[in-house]
Amino acid sequence: MVDDLTQALRSLRLAVFDFDGVFTDNRVWVSERGEEWVACCRADGLGLRRLAQAGVACVIVTSEEVPVASVRARKLGVECVQGATDKLVVVEEQAARRGVSLEETAYVGNDVNDADCLRAVGMPVVPADAWPEVRPLALWVLSRRGGWGCVREFCDAVWRARQAEGRG
């Protein structure tokens, strides 16, 4: 990892994650009763615990309103804001509530509705399979795809950077 990226990881105080395409592989299974299922990477849970150990708060922000996002967030012990029609407003509110600047905030998103957030934060991050329109906005393109451990990859990198610094 380059020094600039390591320094950015060390300065983080808040990490904001999109749900679909980040915690999931952006696919959804729908039953004839309208129930939705998604697949998530179980390893993300340990990564989020490491992120907390490193002293970085986190929140999931999604434009969707689906129970599965809240259920997964609750299982992971992470706050989840659903139905965010303007994700940037929610990111700004979440940062302000914690007394964190946007410069000290990371945003991990994969699609065009994440672009404003990616432009606004100090550390814009996208999964390996992010849409082409948002890849150029990222300071860091993860090596893992959404739903396949990209959250864990990000969290572990923050944790390692903090460990090397003697924090976390």
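Before I start, one term: buried means under 20% relative accessible area. What I am showing is a predicted model.

By that cut-off, both Phe17 and Phe23 are buried. These two side chains also form an aromatic pair. A pair of aromatic rings is described by the distance of the centres and the angle of the planes. For Phe17 and Phe23, the centres are 5.6 Å apart and the planes stand at 70°, an edge-to-face arrangement.

The structure has four aromatic pairs. Another one of them is Trp140 with Phe154, a tilted pair at 6.2 Å centre to centre, with 40° between the planes. Where in the chain do Trp140 and Phe154 sit? Trp140 is in strand β8, residues 140-141, and Phe154 is in helix α6, so the pair links distant parts of the chain, 14 residues apart. Trp140 has a relative accessibility of 11%, and therefore counts as buried. Phe154 is buried as well, at 0%. Phe17, Phe19, Phe23, Trp140 and Phe154 together form one aromatic cluster.

Next, the strands. Strand β1, residues 14-17, runs parallel to β4, and four bridges join them. Within that pairing, Leu14 stands opposite Ala57 of β4. Strand β4 also pairs with strand β5, residues 79-81, again in the parallel sense, over three bridges. There, Ile60 has Cys80 of β5 as its bridge partner. Between β4 and β5 comes helix α3, residues 67-76, and the three elements make a right-handed β-α-β unit.

Is strand β4 largely enclosed or open? Four of its five residues, 57-61, are buried, so β4 is largely enclosed by the rest of the structure.

Now helix α2, residues 44-53. Its buried residues are Asp44, Gly45, Gly47, Leu48 and Leu51. Looking down the helix axis, these fall within an arc of 160°, so they line one face of α2. On the other side, Arg49 and Gln53 are exposed.

The charged end of Arg50 sits over the ring of Trp159, at 3.7 Å from the ring centre.

Definitions and conventions
Residues numbered from 1 in each chain as written. Predicted model: local features only at pLDDT ≥ 70, side-chain atom pairs only at ≥ 80, totals over all residues. Heavy atoms only, no water. Buried < 20%, exposed > 50% of the residue type's maximum accessible area, 1.4 Å probe, protein only. Helix = DSSP H or I, 4+ residues; strand = E, 2+ residues; numbered from the N terminus. Pairing = 2+ DSSP bridges. Right-handed = clockwise from strand over helix to strand, strands pointing away. Arc of directions from axis to C-beta. Phe/Tyr/Trp six-rings, centres within 6.5 Å; stacked < 30°, edge-to-face > 60°. Lys NZ or Arg CZ within 6 Å of the ring centre and 35° of its normal.
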